[in-house]
Amino acid sequence: MNTAGKRQSADGKVKDAERARDELRDALRSAGVKLPSLGLDIASCAGSAPLALIDLGRCNVETARALAVAVRSDQDAPR
């Protein structure tokens, strides 16, 4: 793969990670949870073969508990 192809592939990974971050943010918001530092891990997005990781960031105790409730309630939902 040439340099332009690698760059396009890397850009695709970053765009996919941005979409996943936005989906997670929207799902958390609908569950009443806001992670104030939710974003992309910039270092993981660098280079020709980025991992494009999503950084959940830091939150206060209240937000951590709200997130735990949201996860538990999803586990209790019928499938």
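Hi everyone, let's start with Ala52, which is buried at a relative accessible area of 11%; buried here means under 20% relative accessible area, exposed is over 50%, and partly exposed is in between, with a 1.4 Å probe and protein chains only.

A quick word on the model. It is predicted, so to speak of local features we need pLDDT of at least 70, side-chain atom pairs count only at pLDDT 80 or more, and totals for chains, interfaces and linings use all residues. Residues are numbered from 1 along each chain as its sequence is written, and side-chain values use heavy atoms, leaving out hydrogens and water.

Back to our alanine. Ala52 sits in the loop between β1 (39-40) and β2 (54-55). What is the phi of Ala52? Phi is near 55 degrees, a positive value in a residue other than glycine. Most residues other than glycine have a negative phi.

Now a neighbor, please. Ser44 is also found in the loop between β1 and β2, and Ser44 is buried too, at 8% relative accessibility. Which residues does Ser44 touch, leaving aside those up to four places away in sequence? They are Pro50, Leu51, Ala52 and Leu53, where contact means heavy atoms within 4.5 Å.

Let's zoom out. The chain has two helices and two strands, running α-β-β-α from the N terminus on. These are DSSP runs, numbered from the N terminus: helices are H or I with at least four residues, strands E with at least two.

Of the chain's 79 residues, 20% count as buried. Among contacts with a separation of 6 or more, 45% come from residues 24 or more positions apart. Thanks, everyone!
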